Amino acid sequence: MVILNRIYTRTGDDGTTALGSGERRPKYDLRVSAYGTVDETNAVIGVARLHLAQAPAIDAMLGRVQNDLFDLGADLAVPQREGKAERLRVLTTQVERLEQDIDVLNADLAPLNSFILPGGTPAAAYLHLARTVCRRAERMVVELASQPDEPVSDAAVQYLNRLSDFLFVAGRSVNDNGARDVLWVPGQNR
């Protein structure tokens, strides 16, 4: 259980922040940016959920995703080091659950014969926004994982990759299973 009695600590006034390990890093550090962008993804999903009163099953899926994203932020905030006690990590079972949710939603979708533009319903537009923020988080996490001495679990990378797929499918699903998708028309405005 996390207890937050004081919201401000003044410890970040020098431009640094503490990782979950206690190590201090600049606020622009790639690891901090990566878990901050995961947090952004979570916030956009929260806005999308405001528009899902008519889609309780998708809302429930997104509620699980939001909790997973806090797990992922905790995972990224504590670099895995040899000889250190294990902390909260994203698991492959969380990735597998996303795959199952994608399959459930995708089964009812109209086939695509074009790329789609973000839009349609408000919920779909926000889910597409969440998808793009998630892709940015994924790029940052992959870059972080490529750095020496910056361990990132495979499951963390896989989760973000699968989440962006889920958000795409969920966006189509809340667009009346693709009937309200806005299709890209190549060269339409030439």
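Modeller: Let me start with the term cavity. On a 1 Å grid over the protein atoms alone, a cavity is a set of points where a 1.4 Å probe fits but cannot get out, a pocket is an open set with protein on both sides within 12 Å along at least five of seven lines, and a lining residue has an atom within 4 Å of a point. By that rule, R31, D75, L76, V78, P79, Q80, R89, P151, V152 and S153 line the largest cavity. This is a predicted model, in which local features need pLDDT of at least 70 and side-chain atom pairs count only at pLDDT 80 or more, while totals for chains, interfaces and linings use all residues. Residues are numbered from 1 along each chain as its sequence is written, and side-chain values use heavy atoms, with hydrogens and water left out.

Biologist: How many cavities of 30 Å³ or more does the structure hold, and how much space lies in the largest cavity?

Modeller: There is 1 cavity of 30 Å³ or more, and the largest cavity has about 40 Å³ of space. Grid points are joined across faces, edges and corners, and the volume is the space filled by probe spheres set on the points.

Biologist: What classes do the lining residues of the largest cavity fall into?

Modeller: Ala, Val, Leu, Ile, Met, Phe, Trp, Tyr, Cys and Pro count as nonpolar, Asp, Glu, Lys and Arg as charged, and the others, Gly among them, as polar. The lining of the largest cavity then divides into 5 nonpolar, 2 polar and 3 charged residues.

Biologist: What makes D75 and R89 a salt bridge?

Modeller: A salt bridge is a side-chain nitrogen of Lys or Arg within 4 Å of a carboxyl oxygen of Asp or Glu. The closest N and O atoms of D75 and R89 are 3.0 Å apart, and the pair therefore meets the rule. D75 is in helix α2 (residues 56-77) and R89 in the loop between α2 and α3, 14 residues apart. Helices are DSSP runs (H or I, at least four residues), strands likewise (E, at least two), both numbered from the N terminus. Both D75 and R89 are buried. Buried means under 20% relative accessible area, exposed over 50% and partly exposed in between (1.4 Å probe, protein chains only).

Biologist: Why is the salt bridge of R136 and E40 said to tie together parts apart in sequence?

Modeller: R136 forms a salt bridge with E40, with the closest N and O atoms 3.2 Å apart. R136 lies in helix α4 (residues 122-145) and E40 in helix α1 (residues 30-49), so the pair ties together parts that are 96 residues apart in sequence. R136 has 29% relative accessibility and counts as partly exposed, and E40, at 36%, also counts as partly exposed.

Biologist: How many salt bridges does the structure hold, and which residues are linked in a network of them?

Modeller: The structure holds 15 salt bridges. E23, R25, D29, R31 and E150 are linked in a network.

Biologist: Why is the pair of F115 and W184 called tilted?

Modeller: Rings of Phe, Tyr and Trp (its six-membered ring) pair if their centres lie within 6.5 Å; planes under 30 degrees apart count as stacked, over 60 as edge-to-face and the rest as tilted. The count by this rule is 1 aromatic pair. The ring centres of F115 and W184 are 5.8 Å apart and the planes are at 50 degrees, so the pair is tilted. F115 counts as exposed at 61% relative accessibility, whereas W184 is partly exposed at 41%.

Biologist: What makes up the largest nonpolar core?

Modeller: A nonpolar core is a set of buried Ala, Val, Leu, Ile, Met, Phe, Trp, Tyr and Cys residues joined through side-chain atoms within 4.5 Å. The largest has 45 residues, of which L72, Y159, L163, F166 and L167 touch the most other members. Elements α1, α2, α3, α4 and α5 (154-173) each give two or more residues to this core, and the largest share, 10 residues, comes from α4.
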